[in-house]
Amino acid sequence: LTLLLSLSADTTDQLAELIARVRDVLDHVAPTEKATLFAPRHALHSALGSLPGVVMKPVYPVARYANAFDAAIATSGYNSYHELVHLGVPTLFIARDTGTLDDQARRASHAPLGGYGLTADSVHDATFTDAARVLMDPRQRRRMRLAADVAFPHNGAEQAGAHITEL
């Protein structure tokens with residue numbers, strides 16, 4: 001099982017704390033599951049040292065490697081949300097209050113409605129632990145992938161290419 005941890009925070013210390021919390025919850029909800037956790041190392045947090053149990057590499061864009069992941073736990077920013085949902089990666093979304101017009105909580109709330117993802121308010125509450133337990137279930141991940149395939153069967157690339165060819 002390989003999990004993408006695509007989280008964001010204002011400071012490097014906050015990001016390290018988020019990733020460590022997710023790792024610890026996953027160890028608690030699935031202690032016998034051998035999971036590889038991967039967190040992309042972002043240039044803004046280059047001072048972040050290694051975290052035990054988490055592979056960190058400077059990979060961008062991560063969407064290019066989406067097929068390498070069985071599931072993800074991610075902040076529900078515009079790009080992350082749409083890439084993970086459209087690519088069919090079963091994801092537990094954590095809305096981040098950015099203080100901007102980006103309503104991540106509303107965006108994240110669509111994933112469980114469509115059946116292609118989960119959401120929790122914070123990595124520090126019981127909803128996260130419960131959702132992480134669901135995400136670790138292979139049958140639930142399979143169900144989420146199928147729901148994403150039904151909800152988003154095409155990516156528009158073929159139609160865009162046809163229009164460009166016509167021009």
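A pocket, as the word is used below, is an open set of points on a 1 Å grid over the protein atoms alone, where a 1.4 Å probe fits, with protein on both sides within 12 Å along at least five of seven lines; its lining residues have an atom within 4 Å of a point. The model is predicted: local features need pLDDT of at least 70, side-chain atom pairs count only at pLDDT 80 or more, and totals for chains, interfaces and linings use all residues. Residues are numbered from 1 along each chain as its sequence is written, and side-chain values use heavy atoms, with hydrogens and water left out.

**Exercise 1. Describe the second largest pocket by its volume and its lining.**

Solution. 
- Step 1. The volume of the second largest pocket is about 220 Å³, where a volume is the space filled by probe spheres set on the points, and grid points are joined across faces, edges and corners.
- Step 2. The lining consists of 15 residues, and Ser8, Leu18, Ile94, Ala95 and Arg96 are those nearest the centre.
- Step 3. By type, the lining holds six nonpolar, five polar and four charged residues. Here Ala, Val, Leu, Ile, Met, Phe, Trp, Tyr, Cys and Pro count as nonpolar, Asp, Glu, Lys and Arg as charged, and the others, Gly among them, as polar.

**Exercise 2. Determine which residues of helix α3 are buried and how they are arranged about its axis.**

Solution. 
- Step 1. Two terms are required. Buried means under 20% relative accessible area, exposed over 50%, and partly exposed in between, with a 1.4 Å probe and protein chains only. Helices (H or I, at least four residues) and strands (E, at least two) are DSSP runs numbered from the N terminus.
- Step 2. Helix α3 spans residues 104–114, and its buried residues are Gln104, Arg107, Ala108 and Ala111.
- Step 3. These buried residues fall within an arc of 95 degrees when α3 is seen down its axis, so they line one face of the helix. The arc is that of the directions from the helix axis to the C-beta atoms.
- Step 4. A general rule applies to such spacing: an α-helix has 3.6 residues a turn, so residues three or four places apart point the same way.
- Step 5. Arg106 and Leu113 are exposed on the other side of α3.
- Step 6. The packing partners of the buried residues are β4 (71–75), α2 (78–86), β5 (91–94) and β6 (117–120), contact meaning heavy atoms within 4.5 Å.
- Step 7. After α3 comes glycine 115, with a positive phi near 80 degrees.

**Exercise 3. State whether arginine 23 is buried or exposed, and identify its contacts.**

Solution. 
- Step 1. Arginine 23 belongs to helix α1, residues 12–29.
- Step 2. Its relative accessibility is 16%, and therefore arginine 23 counts as buried.
- Step 3. The side chains of arginine 23 and aspartate 24 are joined by a polar contact of 3.0 Å. Such a contact is a pair of N or O atoms within 3.5 Å; within protein, one must be able to donate a hydrogen and the other to accept it, and residues adjacent in sequence count only if both atoms are side-chain atoms.
- Step 4. Leaving aside residues up to four places away in sequence, arginine 23 touches Leu37, Leu51, Pro52, Gly53 and Val54.

**Exercise 4. Locate the cis peptide bond between tyrosine 60 and proline 61.**

Solution. 
- Step 1. The bond that joins tyrosine 60 and proline 61 has an omega of about -5 degrees.
- Step 2. Proline 61 lies in the loop between β3 (54–57) and β4.
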